[in-house]
Amino acid sequence: MTEPRLFAEIVFPIPLNKHFTYEIPENLQGLIQEGSRVIAPLGSKKTTGYITRLLKTSDGTKCLFISDVLDLWPVFSAELLSLAQWIAEYYMTPVGLVLDSMLPPGMDRRSEKIFTLTASIGEYEIQTLKKAKPVQSKILKALLVYKQLSLKALVKKVGSKNLAKNIDELKKLQIISEQDVLHDSDVNIRFEKYVRFSPALTDEPERIDAAMESLEKRSPKQAELLAYLKSWTEERISTEEETEIRQSDLLQVNNAPLSALKGLSEKKLVVIFEKEKIRNPYDFIPDKPRDLTLNAEQKNAVDIIDEAIQKREYKTFLLHGVTGSGKTQVYIESIKRVLELGKTAIVLVPEISLTPQAVQRFKAHFGELVAVLHSRMSMGERFDSWRKLQSGDYKIVIGARSAIFAPMQNPGLIVIDEEHENTYKQSDSAPKYHARDNAVIRGNLNKAVVILGSATPSIESYYNAQSGKYTLLELTKRIDGVPMPKVEIVNLRNEKNIHTERWKPVFSRPLREAMQMALRHKQQIILFQNRRGYANYVECYDCGFIGECPHCSITLTFHSHQFKLRCHYCGHTIPAYRECPSCGNANILNHGIGTQKVEEQLKDMFGPDAVVRMDLDTTGTKGAHGKILEKFQTGEAPILLGTQMVAKGLDFENVTVVGVISADTSLLLPDFRSSEKTFQLLTQVAGRAGRKDKLGRVFIQTYNPKRSAIVFAQNHDYASFYKEEIAFRRELMYPPFGRLVLIQFKSQDEKKVVEHAGHFCDILRDEIGRRLWAKNQFDLMGPVSAPIAKIRNHYRWQILIKVSKSFDKSGVHTRRLISDTLSRHDAQYREAKVQIGIEMDPYSLL
């Protein structure tokens, strides 16, 4: 009996907002489900696609067949498919790209065209063809040498991108042929070889002794391996552990060749077998958990959260706790309640630098139930964590923003630590989502509890708590009654007038004296400077020439260690100037202060081993964050210097002095969030000082001591800061009262980018006019050149739309407006040379 025809809706990870319908072959009908990964033909290739819906009928058009299914079980649960659909709609991103971003990198499979010679052709024929058809001659020569090449490799060897016409001619002449080859994924399950005694020998230990005795003279290495394996096995049996040993360890310890082990296998004395290897960079034995008793505020918070957990209902809590108030312990106690109900938990941290400390803390309580996911892990490590989370072996995941997509079974709790941090917003590639908002949606889909924790909540989150959308929980006191650190504002304008010969331009006298006293008492120091490099820019004293990046509208930063000038946007690097490229004079001045300059002066003052620096330049290698923090934690280096990596969530009991080298770095940026960012950074970094019985002191150096963000941070006064900031936001219709949409145009052709931005804006205004939107419901700004007008040789123009949330609460009218504008623009003006990017709720307007 013929099975009824079945069809599937598939999306692909391509920038095209379209679903494709394919027929499911009979042999795959029992295997393919919604959420499955499949291989299907797309154009001239076969590639990985994702099943979003199963259908009993098609739209009547002829459908291609799905080629294969990649997994025994769907990689996306129903709730993750729903989350992906919400993200696709809200952030105006094709759902195929959203689903692709939810998976670890390296899992997809794609076909590629491979070209080979089919006719017998030699050097003579190639040389003959060289004058008449030079490109074809190069193609044939490359294939003659390398036998077979992909199109990408051919383009590289021939040195020309337009090969299609020449390849077609050679195919018609049957000189070359092409074949579709489906490549394996870049990441797979890894196996390791293990060794144990043959089952018969395990039950009869006297046979092991006899075998050792018979091999002692003929094959001493084999006898040595048996003796070691016997000792190992007996020890493992006594402790009730597995008796196998890793093959590589067995050979290394005994300095034995593989041939000796294979000989034992051939004699049926040992069994060599494979076991799956789990790649885990955080596979360490954690410290024992600290014996902590919750204070009254913590217990109250845990009880209220637990009430929602027990009811199995969705609820979002904003846990507003001062620095050092024990928010992490509230998370841990809440996770214990969730695990008791057979559910799982997601914990997000804003920086990879915080992961080692967070993992240590959570593993101390939950051991092998904890997995980690972040972008600095290798593809294999991320793949293994993802698989074990999907299978349910791990119950808790800790990671940066992408961990919100972890394939948890039955999630009951989602924690966003330091919820105010901008690193939760993805802005560099689609989908441009905010992990905090995704967490709220995912919590709602699963009837799970969401905890947003911060000492300095975002204005939006605190407003949601004040208006009743979230439930506010407050921790107003530090653990064990430790007082908040004393914060001193140092006016650098006055400091310049009173400095002595020993005064260093980076450090004010109060900060320098406090550092000296801390080091005398064997205490530690954290210094914060939110600029890496040595100097912000270099200038010729004689002619005024300033070093700028030729590819971006930005000055080059001086890095003293490599004596290089580097662009922090595109990576362009050149040797630092020894003389001015414009006038030839050698009077080159270094302006501004970066972490390298601060480090240099610290080493001059306190010695070369006194300081460790943590910024993007020192944490580029795998595991670098952990090594730097370990060096500081053990006291090997008493001073930790860094960018905003050191301002968040770090907990070191011996830190008594915190110094902010320049509080003005973020304060003066042309961004409506600059005051909020400054207050948050200063409050957070100040919170690193003072724990247990050690009183903390904080020094904020600034040229703007009366700015409200700095004054409120000095007094740890979030309430007053919020009151001032919310009034400013309400007046100018900024979030949380207005929704922002940033539309950006990029092209290497400046004329085209200006032209397209203008056309788009004209259509946008026309669409708004058709909808009869009132003037108090929206604000349209632009098109204008972006604050950084050029990055990586691409000119940037942008349009900013503000829409009142009282008019468009969910953003559906705004999205429809932009979608209709895009359709009209694409029909009239669309050109591949101009890229149009749409970002909902941009965190930064730079």
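**Close-up views of aromatic, charge–ring and strand contacts**

Across the whole structure, a search finds 23 aromatic pairs, where rings of Phe, Tyr and Trp (its six-membered ring) pair if their centres lie within 6.5 Å, and planes under 30 degrees apart count as stacked, over 60 as edge-to-face and the rest as tilted. The model is predicted: local features need pLDDT of at least 70 and side-chain atom pairs count only at pLDDT 80 or more, whereas totals for chains, interfaces and linings use all residues. Residues are numbered from 1 along each chain as its sequence is written, and side-chain values use heavy atoms, with hydrogens and water left out.

**View 1. The aromatic pair of tyrosine 50 and phenylalanine 76.** Helices (H or I, at least four residues) and strands (E, at least two) are DSSP runs, numbered from the N terminus. Tyrosine 50 is buried at a relative accessible area of 1%, and phenylalanine 76 is buried at 3%; buried means under 20% relative accessible area, exposed over 50%, and partly exposed in between (1.4 Å probe, protein chains only).

**View 2. The aromatic pair of tryptophan 86 and tyrosine 91.** This pair is edge-to-face, with 6.0 Å between centres and 85° between the planes. Tryptophan 86 is partly exposed at 24% relative accessibility, whereas tyrosine 91 is buried at 2%.

**View 3. An aromatic cluster and two lysines over tyrosine rings.** One aromatic cluster is formed by Tyr462, Phe679, Phe712, Tyr718, Phe721 and Tyr722. Lysine 275 lies over the face of tyrosine 194, 4.8 Å from the ring centre. The charged end of lysine 802 sits over the ring of tyrosine 734, at 4.0 Å from its centre. A charge sits over a ring if NZ of Lys or CZ of Arg is within 6 Å of the ring centre and within 35 degrees of the ring normal.

**View 4. Strand β15 and its parallel partners.** Strand β15 (residues 396–399) directs Ile396 and Ile398 one way and Val397 and Gly399 the other way, and all are buried. Strand β13 (residues 344–348) pairs with β15 in the parallel sense over four bridges; two strands pair if DSSP finds at least two bridges between them. Isoleucine 346 stands opposite valine 397 in β15. Strand β14 (residues 370–373) also pairs with β15 in the parallel sense over four bridges, and valine 370 stands opposite isoleucine 396.
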